[in-house]
Amino acid sequence: MAMAGLYRRLLPSPPAVEFASSEGKQLFLEAIQNGTMEGFFRLVSYFQTQSEPAYCGLASLSMVLNALAIDPGRKWKGPWRWFDESMLDCCEPLEKVKARGISFGKLVCLAHCAGAKVEAFHTNQSNIDDFRKYVMRCSASDDCHIISSYHRAVLKQTGTGHFSPIGGYHAGKDMALILDVARFKYPPHWVPLTLLWEGMNYAVEDTGQPRGFMLISRPHRDPGMLYTLSCKHESWISIAKFLMDDVPLLLKSDDVKNVHKVLSVVVNSLPSNFGDFIKWVAEVRRREDGSPSLSVEEKARVSIKAEVLKQVQETRLFKHVTSFLSNSCCRLPSISGHGDTLPDIAANVCCQGAEILGGKLSSSAVYCCRETCMKCLKAEGDKPITMVCGTVVNGNNEQGVDVLIPSPQGPCCDCSGPSKYIEMHPASSDVLTALLLSLPSTTWIGIKDGQVLKEIHELVSIDNLPTLLQEEVLHLRSQLHMLKKCQENKADEDLAAPVS
């Protein structure tokens with residue numbers, strides 16, 4: 001029987017010039033000599049083909065995020081943290097993207113939520129001269145990349161709207177190199193910048209907005225080193241709505257007479273699945289893969305996590321939160337889902353780590369942590385690092401899993417019994433403090449008692465926070481803001497980054 005299908009497309013030339021053609025190679029060499037191909041080498045190292053016909057936006061973004069070496073803070077496969085299209089599901093369900101693609105605004109949202117620094121413009125918010133300057137700037141650097149959203153018709157190509165990164169620029173010919181992520185269709189190619197701008201000027205039917213471009217760069221350090229908001233659980237929409245919409249309304253009650261009552265209103269109303277929404281990022285490694293000592297990268301990451309946790313616990317707000325939780329009959333939903341003591345969390349994380357390291361995260365295999373033990377790793381000149389070692393059993397197989405614990409306190413504990421464990425990990429009180437700090441300042445304006453309002457504003461103000469904690473809080477605030485915009489389908493109306 002005959003089988004219908006397509007094998008690639010012939011690249012319309014002109015207007016495009018195939019990258020691998022003689023002319024394309026000459027353009028490449030001249031652009032290198034002029035210094036406008038610096039960004040190409042990082043991008044091409046992570047060049048990928050979109051895995052679905054409508055995944056051009058997701059493929060372009062994951063390619064750029066990996067080229068910028070931004071740590072996603074979550075596992076891809078095995079033990080590896082790595083951006084993949086399947087992980088970019090914050091602002092739009094993957095099934096919807098698979099069917100219809102993703103809008104320009106929601107791709108901008110995804111980039112913000114992934115921790116990148118983003119400047120985005122519809123064509124009616126910029127002009128071709130500024131666009132050319134941005135292309136030249138990013139092409140001459142490897143710390144900034146541009147994703148263009150354009151209509152293929154202007155380039156005489158088949159299809160409609162498309163996303164792809166710009167890999168370089170030839171100033172003499174005024175041409176941009178498109179690293180087309182639909183590599184099954186067209187190879188990389190040079191196009192006149194004026195035509196690319198014209199393609200970006202096409203309006204999108206769904207939104208009525210023109211297309212555009214976004215500059216994506218790396219923040220000076222990875223955001224979300226200790227905390228991150230998770231969109232993997234279906235409850236994220238209701239929890240984001242609760243935090244952004246419901247909490248301000250609840251605080252307008254006449255009963256809010258002191259800080260304790262403010263916390264009571266928030267905590268007593270938290271959805272039961274709150275623990276699925278905000279997580280702390282744990283470092284996990286298979287014991288046989290790791291040497292007794294930690295790598296420089298592991299030490300640096302754990303050290304930053306520990307410092308962020310220490311700074312959270314030194315805030316005045318944290319003292320109010322711990323006092324409230326210790327004297328209240330309510331119980332905050334655990335961020336681990338398995339109790340809030342270190343042994344419980346360690347056992348749970350070790351089991352998750354074994355699943356991830358075994359590549360069986362979605363399988364029916366049952367992992368049980370038989371025992372956990374706390375160790376203290378010390379090296380000359382370094383601070384002690386706490387490591388929980390777990391023995392995880394799956395049927396007749398067992399493996400050792402190590403979890404590196406951010407420890408703002410000392411000394412490290414030994415394995416002499418559960419009573420010896422101290423709360424040196426990101427517990428629910430720490431997470432609640434960080435989340436309250438990350439809520440918009442407008443959250444509290446409905447409090448009627450002037451003295452209470454003043455005290456709350458002083459407690460949640462980020463102006464005097466240490467730099468590390470301030471960045472952590474601003475990242476959470478940005479994630480929350482972007483999730484709300486996506487939930488309200490306003491991502492394409494306002495491309496600006498959240499106001500701090």
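Reader: Which strands does H5 lie across, and at what angle does it run to E4?

Author: H5 lies across E4, E5, E6 and E9 and runs at about 170° to E4, where axes are lines fitted to C-alpha atoms, for helices over the stretch in contact, and angles run from 0 to 180 degrees between N-to-C directions. Helices (H or I, at least four residues) and strands (E, at least two) are DSSP runs, numbered from the N terminus. This is a predicted model, in which local features need pLDDT of at least 70 and side-chain atom pairs count only at pLDDT 80 or more, while totals for chains, interfaces and linings use all residues. Residues are numbered from 1 along each chain as its sequence is written, and side-chain values use heavy atoms, with hydrogens and water left out.

Reader: Why does Arg152 count as buried?

Author: Buried means under 20% relative accessible area, with exposed over 50% and partly exposed in between (1.4 Å probe, protein chains only), so Arg152, at 3% relative accessibility, counts as buried. Arg152 lies in the loop between E5 and E6.

Reader: How many residues of H3 are buried?

Author: Twelve of the twelve residues of H3 are buried, and they pack against elements including helix H2 (38–45) and helix H4 (94–100), contact meaning heavy atoms within 4.5 Å.
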